[in-house]
Amino acid sequence: MSGRRPIIAANWKMHKTHLEAIQAVQKLSYLLDQDDAERVEVVICPAATSLRSVQTLIDSDRLPYGLGAQNVYWEDKGAFTGEVSPPMLMALKVGYVIVGHSERRAMFGETDENVNLKVRAVFAHGMTPILCVGETLRERDVGATEDRVTAQVRAALAGVSSSDAAKLVVAYEPVWAIGTGRNAEPSDAGQVIALIRQTIADVHGGDLAQGVRIQYGGSVKAGNIRDFMAHPEVDGALVGGASLDPEELALIVKYR
């Protein structure tokens, strides 16, 4: 046992209105008991339009879930139409922010430098980044997994203090296993997660790295979560499509 508390984060992406988000969280609360919440940290990451509604529900019903945002801009304020700032998220009691998701990198052109700015801004405002890293199919096929993932982690941690790095959550997303027909095995995830942990150790020391929680994120569902969680390097999951169904998400949280 690593001693690291597992963390399951539900990334709803661009799904659910604020009313649908409320219904989903309410249903989840009926499906999970106190033991589940104590054993596993559950974080709900709805669309930005639902953050206030979910936050109010979590507070009013005293639900044992964390609230996460799917994205953030690194400036506190300014003429940045359509962006959401760290202080805006802090005012909504957001605890986690997904940073560097593969979709943000691939579809919206986020660079490693952008990701670093976001990581530092999230920490500066008392929140915790869920840093996403991972290699594409082309990078994997040419044997560039180690170089790419290591570079992503090092770039994201540039200028980050050890006290902040100790609170980091990392999500390994094997982009090559999403929508390609090729499946990632727990051994694949464990090998790269061990590499991520070693990279953090190279920057901030082995003791700190051993405390950092590193999730797996890549087509996680109730049918495969137990196998991934059985690997000693895997500390949880960043769940996409499967998290939209409260019953499926509850089964993932109850993976044992």
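This is a short tour of one protein model, stop by stop. The model is predicted.

**Stop 1: the largest core**

Start inside. Select Ile 44, Tyr 65, Val 94, Val 97, Ile 196 and Ile 200. These residues touch the most other members of the largest nonpolar core, which has 69 residues. Now colour helix α10, residues 186-204. Helix α10 gives the most to this core, with seven residues.

Zoom in on Val 97. Which residues does Val 97 touch, leaving out those up to four places away in sequence? Show Ala 69, Asn 71, Val 72 and Leu 89.

Another core lies apart from the largest one. It has eleven residues, among them Val 43, Cys 45, Ile 98 and Cys 132.

**Stop 2: two cysteines**

A disulfide is a covalent bond between the sulfur atoms of two cysteines. How many disulfides are counted here? The count is zero.

Look at Cys 45 to see why. Its sulfur has its closest cysteine sulfur in Cys 132, 9.4 Å away, and that is too far for a bond. The cut-off for a disulfide is 2.5 Å between the sulfur atoms. Cys 132 is in no disulfide either, and its nearest cysteine sulfur is that of Cys 45.

Are these cysteines buried or exposed? Cys 45 is buried, at 0% relative accessibility. Cys 132 is buried too, with a relative accessible area of 1%.

**Stop 3**

Select strand β7, residues 213-216. Arg 213 and Gln 215 point one way from the strand, while Ile 214 and Tyr 216 point the other way. All four are buried.

β6 and β7 run parallel, and four bridges join them. Click Ala 171, then look across to β7: the bridge partner is Gln 215.

**Stop 4: aromatic rings**

The model has three aromatic pairs by count. One of them is Tyr 73 with Phe 80. Their ring centres are 4.7 Å apart and their planes meet at 40°, so this pair is tilted. Tyr 73 is buried, with a relative accessible area of 16%. Phe 80 is partly exposed, at 32% relative accessibility.

Next, show Tyr 216 and Phe 228. This aromatic pair is stacked, with 4.1 Å from centre to centre and 10° between the planes. Tyr 216 belongs to strand β7 and Phe 228 to helix α12, residues 225-229, so the pair ties together parts that are twelve residues apart in sequence. Both residues are buried.

**Stop 5: charges over rings**

Select Arg 140 and Trp 176. The charged end of Arg 140 sits over the ring of Trp 176, 4.0 Å from the ring centre. Then try Arg 39 and Tyr 255. Here Arg 39 lies over the face of the tyrosine, at 4.9 Å from its ring centre.

**Stop 6: a loop glycine**

End at Gly 159. Where does Gly 159 sit? Find the loop between α8 (145-157) and α9 (162-165). Gly 159 counts as exposed because its relative accessibility is 72%, and the exposed class begins over 50%.

Gly 159 and Leu 117 are 42 residues apart in sequence. From C-alpha to C-alpha, they are 9.5 Å apart in space.

Methods:
Residues numbered from 1 in each chain as written. Predicted model: local features only at pLDDT ≥ 70, side-chain atom pairs only at ≥ 80, totals over all residues. Heavy atoms only, no water. Core = buried A, V, L, I, M, F, W, Y, C linked by side-chain atoms within 4.5 Å. Buried < 20%, exposed > 50% of the residue type's maximum accessible area, 1.4 Å probe, protein only. Helix = DSSP H or I, 4+ residues; strand = E, 2+ residues; numbered from the N terminus. Contact = heavy atoms within 4.5 Å. Pairing = 2+ DSSP bridges. Phe/Tyr/Trp six-rings, centres within 6.5 Å; stacked < 30°, edge-to-face > 60°. Lys NZ or Arg CZ within 6 Å of the ring centre and 35° of its normal.
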